[in-house]
Amino acid sequence: MAKLLKGAEAAKALTEQLIARADELKRSGIKPCLAIVRVGERDDDIAYERGAMKRCEKVGIEVRNVLLSIDITQEALIEEIEKINKDNDIHGVLLFRPLPKHIDDAAVCEALAAEKDMDGITRGSLAAIYSGRGEGYAPCTAQSCIEILKHFGIPVAGKRAVVIGRSLVIGKPVSMLLLNENATVTTCHSRSENLPQICREADIIIAAAGKAAMVTKEYVKPGQTVLDVGIHVDDEGNMCGDTAFAEIEPVVDAITPVPGGVGSVTTAILASHVIEAAEKVAK
Ligand code: NAP
């Protein structure tokens with residue numbers, strides 16, 4: 001049986017460290033503050049917002065909710081972002097995407113000051129991840145994968161990591177973060193040939209293809225660690241990931257469950273980015 005890498009355990013440990021750092025900031029007169037910008041009323045956004053607010057409250061981060069109508073114009077949204085950029089009391093921003101179709105997503109992301117971008121949506125943040133100098137903030141989900149590996153003491157340096165997926169939100173940034181941790185990284189996508197064989201050669205597999213249960217027993221071998229980023233609802237209405245969990249869990253050494261794996265760490269990573277941004281201001 002594989003070791004279950006429960007996200008809540010990693011999130012709890014990180015949250016405890018963040019509470020101490022937030023206290024330290026408050027002693028120097030800085031109250032860490034996150035603005036959450038939500039356009040419209042998407043259920044997923046509202047659920048994540050609730051989780052983020054709970055985590056921030058636990059850590060001691062103030063949250064300002066900027067709730068905007070689905071009909072907002074691009075100009076008005078950019079004005080809101082610029083107001084936040086100028087507000088010295090706000091250290092970080094979470095902007096829910098995708099934005100409504102009449103708004104140019106890229107134009108709005110670029111309006112955000114890179115130093116307040118807590119979820120790797122600006123070019124500045126992505127460039128910082130690629131530079132590997134530890135500046136900027138990676139997308140929270142991508143960084144959650146690294147946090148889980150670190151928390152559970154899974155060796156990364158020198159190991160072979162295979163990432164399935166090359167999106168800008170998960171696949172590419174997590175590949176760069178693994179490379180920054182000195183893994184030997186292979187990034188796969190829908191055109192990759194011999195994917196099961198490539199995966200069997202890995203020490204660590206990150207499944208982020210957005211395809212329910214695609215990682216079957218042909219993809220794995222004993223000794224591996226599998227992180228499942230996918231989120232789906234199966235035919236019975238249960239949440240599942242990109243891995244055929246029941247089939248590969250008996251084979252591999254360690255695996256994240258869905259739910260309760262990678263997704264449980266993201267709000268703690270978001271909070272850690274806000275604390276880091278506030279600490280930079282303090283300096
Ligand atoms: P995405 O933008 O759709 O990207 C999927 C990537 O997987 C693409 O690069 C695609 O290749 C590749 N892919 C698709 N089918 C494949 C196949 N059969 N074999 C190999 N590669 C394949 O999705 P995403 O935004 O990165 O999200 C991935 C998953 O993570 C989704 O299930 C999403 O719901 C979930 N997610 C989870 C969290 C969390 O907190 N746990 C947060 C965000 C998203 P091409 O580039 O060639 O098309």
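Accessible areas here come from the Shrake-Rupley method with a 1.4 Å probe; for residues, only the protein chains shown count as cover. By that method, the accessible surface of the protein chain is about 13,500 Å². Carbon and sulfur atoms hold 50% of that surface.

This is a predicted model, in which local features need pLDDT of at least 70 and side-chain atom pairs count only at pLDDT 80 or more, while totals for chains, interfaces and linings use all residues. Residues are numbered from 1 along each chain as its sequence is written, and side-chain values use heavy atoms, with hydrogens and water left out.

## Overall build

The protein chain carries 10 helices and 11 strands. Helices (H or I, at least four residues) and strands (E, at least two) are DSSP runs, numbered from the N terminus. The C-alpha trace spans about 50 × 45 × 35 Å along its principal axes.

Why does the radius of gyration agree with a compact globule? With 283 residues, such a globule would come near 19 Å, and the protein chain has 19 Å. The radius is taken over C-alpha atoms, and the globule rule is 2.2 Å times the number of residues to the power 0.38.

Of the 283 residues, 49% count as buried. Buried means under 20% relative accessible area, exposed over 50%, and partly exposed in between (1.4 Å probe, protein chains only). Contact means heavy atoms within 4.5 Å. Among contacts with a separation of 6 or more, 71% come from residues 24 or more positions apart.

The protein chain has 33 positive and 41 negative charges, and their mean positions are 4 Å apart. Lys and Arg count as positive, Asp and Glu as negative; His and the chain ends are not counted. Each charge is placed at NZ of Lys, CZ of Arg, CG of Asp or CD of Glu.

## Cysteines

A search of the whole structure finds zero disulfides. A disulfide is a pair of cysteine sulfur atoms within 2.5 Å. Cys 33 has its closest cysteine sulfur in Cys 56, at 9.1 Å, which is too far for a bond. Cys 199 is in no disulfide either; the nearest cysteine sulfur, in Cys 188, is 5.7 Å away. Cys 33 counts as buried because its relative accessibility is 0%. Cys 199 is buried too, at 0% relative accessibility.

## Backbone features

Asn 194 has a phi of about 55°. Asn 194 sits in the loop between β6 (184-188) and α8 (195-200). Ala 213 has a positive phi near 55°. Ala 213 lies in the loop between β7 (204-207) and β8 (225-228). At 35% relative accessibility, Ala 213 counts as partly exposed.

## Around Leu 178

Leu 178 belongs to helix α7 (residues 171-180). Is Leu 178 buried or exposed? Leu 178 is buried, since its relative accessibility is 0%. Which residues touch Leu 178, leaving aside neighbours within four places in sequence? Its contacts are Ile 146, Leu 149, Val 156, Ala 161, Val 163, Ala 183, Val 185 and Ile 206. Ile 78 is 100 residues from Leu 178 along the chain, and their C-alpha atoms are separated by 33 Å.
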